[in-house]
Amino acid sequence: MVSKLLKGALAAAMLSVAPVAAIAQDTAAEVAALGGDAKAGKKVYRKCKACHVIDKDKNRVGPHQVGIIGRPAAAIEGFKYSDAMIAKGEEGLVWNVETLSAYLANPKGYIEGTKMAFAGLKKEDDIANVITYMAEEGGIFEATN
Ligand code: HEC
C-alpha cells in the first residue's frame, strides 16, 4: 500500500519535476533566505502549542509538525483532517515558505473549510520567525524522512 505521505511526496516531486533531494535543498534555502530569528519564532510558536507538537510525532488537536517544512498537506495518517485540507493535499499542496506564510496569515482565507481554529498571525516578522523556528525544531520533510 502506498502511504498518503509517500503519495504526497511523489505528487510534490512530479509537480516540480525535480528530484526530492533537490526540493529539500531549495526549501532549506528558501527558509534561510527569510532571515528569520528562530528564538523569536519559538515565542510565537507558543500560540501553536495549544494544538500542535513539533518535537515528537504526537497529534493533539492539530497534527504533529515533525518535518513540517516541505511536508505535503494532510499527510499524517490517523489524523482526522478536514475535507478541505485533504483536498489540498490531493491537489499537491506542500508546506513551504510561500504556502505556510499564506496559511498562517489567514488560515480560513487560504483554505476555506480548514478546521484549524486560529485567527492568523498579523505581523510578517512573526511569520518569518515562526517558520524559521519550525524548520529548526521540526526539520525539513525530505531531509528527515
Ligand atoms: C486551536 C488549535 C490550533 C492552533 C492554535 C493552531 N493550529 Fe494549526 N492546525 C490545527 C488543526 C485542527 C489543523 C488541521 C486542519 C484541517 O484539517 O483543516 C491544523 C493544521 C495545521 C497545518 C497543516 C498541517 C498538515 O499536516 O497539513 C499547519 C502547517 C499548521 N496547522 C500550523 C500551525 C501554526 C504554525 C500555528 C501557530 C502559529 C497553528 N497551526 C496554530 C489546529 C491549530
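This note sets out, in numbered points, how the predicted model is built and how its parts pack together.

1. Basis of the note. The structure is a predicted model, in which local features need pLDDT of at least 70 and side-chain atom pairs count only at pLDDT 80 or more, while totals for chains, interfaces and linings use all residues. Residues are numbered from 1 along each chain as its sequence is written.

2. Overall build. The protein has 8 helices and 0 strands, and its elements run α-α-α-α-α-α-α-α from the N terminus on. Helices (H or I, at least four residues) and strands (E, at least two) are DSSP runs, numbered from the N terminus. Of the 145 residues in the protein, 37% are buried. A residue is buried if 20 or more other C-beta atoms lie within 10 Å of its own, exposed if 12 or fewer, and partly exposed in between, with C-beta atoms placed from the backbone.

3. Contacts along the chain. Two residues are in contact if their C-beta atoms, placed from the backbone, lie within 7 Å. Among contacts between residues at least 6 apart in sequence, 65% join residues at least 24 apart.

4. Helix α2. This helix covers residues 20-34, and its 15 residues reach 22 Å from the first C-alpha to the last, close to the 21 Å expected at 1.5 Å a residue. The expected span of a helix is 1.5 Å times one less than its number of residues. The buried residues of α2 are I23, T27 and V31. Seen down the axis of α2, these buried residues fall within an arc of 75°, so they line one face of the helix; the arc is that of the directions from the helix axis to the C-beta atoms. An α-helix has 3.6 residues a turn, so residues three or four places apart point the same way. On the face of α2 turned away from its buried side are the exposed residues A21, A29, A32 and A33. G35, with a positive phi near 65°, follows α2.

5. Residue V31. V31 belongs to helix α2 and counts as buried because it has 22 C-beta neighbours inside 10 Å. Leaving aside its neighbours within four places in sequence, V31 is in contact with I69, V97, I131, T132 and A135. V31 and N96 are 65 residues apart along the chain, yet their C-alpha atoms are separated by 8.3 Å.

6. The largest nonpolar core. A nonpolar core is a set of buried Ala, Val, Leu, Ile, Met, Phe, Trp, Tyr and Cys residues joined through C-beta atoms within 7 Å. The largest one here has 30 residues, and those with the most contacts inside it are I69, V130, I131 and M134. The elements giving two or more residues to this core are α3 (38-45), α5 and α7 (124-138), with α7 giving the most, 7 residues. Setting aside neighbours within four places in sequence, the contacts of I69 include T27, V31, W95, N96 and M134.

7. Helix α7. The 15 residues of α7 reach 21 Å from first C-alpha to last, close to the 21 Å expected at 1.5 Å a residue. α7 is mostly covered, with 11 of its 15 residues buried; among them are D126, V130, I131, M134 and G138. What covers the buried residues of α7 includes α2, α3 and α5. Just after α7, G139 takes a positive phi of about 85°.

8. Helix α3. The buried residues of α3 are G41, V44 and Y45. They cover an arc of only 100° around the axis, which puts them on the same side of α3. These buried residues pack against α7.

9. The loop between α3 and α4. The C-alpha atoms of K56 and V66, 10 residues apart along the chain, are separated by 6.4 Å. A74 is also placed in the loop between α3 and α4, but A74 counts as buried, with 22 C-beta neighbours inside 10 Å. Phi of A74 is near 60°, a positive value in a residue other than glycine.

10. The ligand. Of the 27 residues around the ligand, C48, C51, G62, S82 and M116 come nearest. The elements that give two or more residues to this shell are α4 (83-91) and α5 (97-105). A residue is near a molecule or strand if its C-beta atom, placed from the backbone, lies within 6 Å of it. By class, the shell has 21 nonpolar, 4 polar and 2 charged residues. Ala, Val, Leu, Ile, Met, Phe, Trp, Tyr, Cys and Pro count as nonpolar, Asp, Glu, Lys and Arg as charged, and the others, Gly among them, as polar.
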